[in-house]
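Hello,

Here is the structure I promised to pass on. Please have a look at it first, and then read my notes below.

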Amino acid sequence: MHDLLPVIAAGIVSGSAYALLALGIVIIFRSTDTVNFAIGDMATLGVYIAVTAIGFGVPVAGGLLIAIVVAGGTGVLTERFLIRPLGAGHKSLFIALVVTIGLGLVIHAALGAIWGHRPTTIPAIIPGTASVFGVALTWNKIVATGIALAAMALVAWFFRFTPMGVAMRASAEDHFAARIVGINPGRIAAIAWFLGCGLAAIAAFFLAMDTSVNANLTLAALFRAFAGVFLGGLTSMPGAAIGGFAIGILDNLAGRYLSANYRDTIVFAVIVAVLFVRPSGFLGAGRKERV
Amino acid sequence: MSALLAARGIGHRYQGVLALNDIELDVPKGTFMAILGPNGAGKSTLAQILAGAIRPAKGQILLEGADVTARAGRQGLIRNGVALIPEGRRLFGQLTVDENLMLGAYGQPRAVREARLEKVYALMPEAVRQGKHRAAVTLSGGEQQMLVVGRALMAEPRAILIDEPSLGLAPILTAKVYDLLSGLRRGGVTVVVFEQLATHALRHADSIVVINQGEISFRGGVDDEATHEALRTGYLGH
């Protein structure tokens, strides 16, 4: 057990990207009932534009801000012009799902067409490595985890204490009641999509810094993020964050103690088992009963 | 007495089924009106249309004589001082009592909201005042009904439209809700209740409107001879 701590530390580091993506997915789902399958591609688009800006001499930290704004802005435009016109109702929810899948494919193809298929890199904010709990981590990963945790704390504060955040929670619970107390549903949707895609951009930016800038940057992470979303319960924000970290830790535990080749299989087997016992995830809303 | 809210030729359908047909209605300023009718008569639809929460298929809604129909369908008329308390209360159950009330004055500056919060808490029962940080869903039915009236009051509305306030409440709790509504009317707020049960409404209202199958079938003052006659013949479903 002497090496359990470093494995968990590594799990938290990789889990922070999953948690950010999962949180982004849940924030968007709660506000507009839409699962945004294009979230990874929107985030990647943000990263490509950030890399271009960095190439023109923008500092790396500025690049991160550009990635957030571009991805968030893309999200806002998508909601306004592709999702909102579909209207409400079950049929349009399914159409919205297909629209986001299609949009993701279009963005993915456009990235290759505009920037080419050769991976590039983002320089590290702080080069070198440090030792955490006896495990050597690049400063990159430490900074990434720190920023991810700070972003999540900021999101938690926003939803807990600001009038707009409270309005967003209210709207997620009851769209109609929110409307009649004067909450503007369009504004709620816009903020949710900006926030969701912006959080995904933070994850994508650090994934790119860790590996390389390529169009499939978020693919594996998004897959795990979705697992985290379901693990935490599709509608719970803390659940999504915890789910993301849980997947990261589980992934590293499986790789270290069981089999590196079957780590995905093991992770998903555990998720299936958890969902079998608790179908709505560990913090999901479950079956709502009204009295 | 001039009308605060008025319906002119309102018609509405749900998926082809007639819900309201050619409704003409004037709600006089500062009065207490009870709109009575059986389940499915179109009361909830009329409440939502008058409050601007849904847009009528036909006709106009007038607020102090001005046509406000075009504003319907989004945030309703809450910014114009018309608050709707829909059927089933529709509190935000996962949010705290405090948060629910604060949302009633959404968009107002913090100082305004906090000043109103104090005033509204003074009207609330003890359990609501003691449970500011509790989730609203943990309150009893009567407390929830009081809280949702409180949430509407946070907007300092000129008119409150309340759909089935007695639904699922014990008579003694219903009486408390009506006492609160009567107090508001004395303070100058126009009150419209939409009810299936006439008992409490008749005790507090100034005028009665009955709707049946989407059409107004009776209207009169509470003390009118015709109303008493209608009550005696069971016309009001009393």
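In chain A, 74% of the contacts (heavy atoms within 4.5 Å) with a separation of 6 or more are between residues 24 or more positions apart. Please note that this is a predicted model, where local features need pLDDT of at least 70, side-chain atom pairs count only at pLDDT 80 or more, and totals for chains, interfaces and linings use all residues. Residues are numbered from 1 along each chain as its sequence is written, chains are lettered from A and ligands numbered from 1 in the order in which they are written, and side-chain values use heavy atoms, leaving out hydrogens and water.

Chain A has eleven helices and two strands, taken as DSSP runs (H or I, at least four residues, for helices; E, at least two, for strands; numbered from the N terminus). Its C-alpha atoms fill a box of roughly 55 × 50 × 35 Å along the principal axes. Of the 291 residues in chain A, 52% are buried (under 20% relative accessible area, 1.4 Å probe, protein chains only).

Now to the partner chain. The contact takes 21 residues from chain A and 21 residues from chain B. Between these chains there are three salt bridges (a side-chain nitrogen of Lys or Arg within 4 Å of a carboxyl oxygen of Asp or Glu). B:Glu99 forms a salt bridge with A:Arg160, with 3.5 Å between the closest N and O atoms. Helix H2 (97-104) and helix H3 (110-123) of chain B each supply at least two residues of the side that touches chain A.

Best wishes

Definitions and conventions. Buried < 20%, exposed > 50% of the residue type's maximum accessible area, 1.4 Å probe, protein only.
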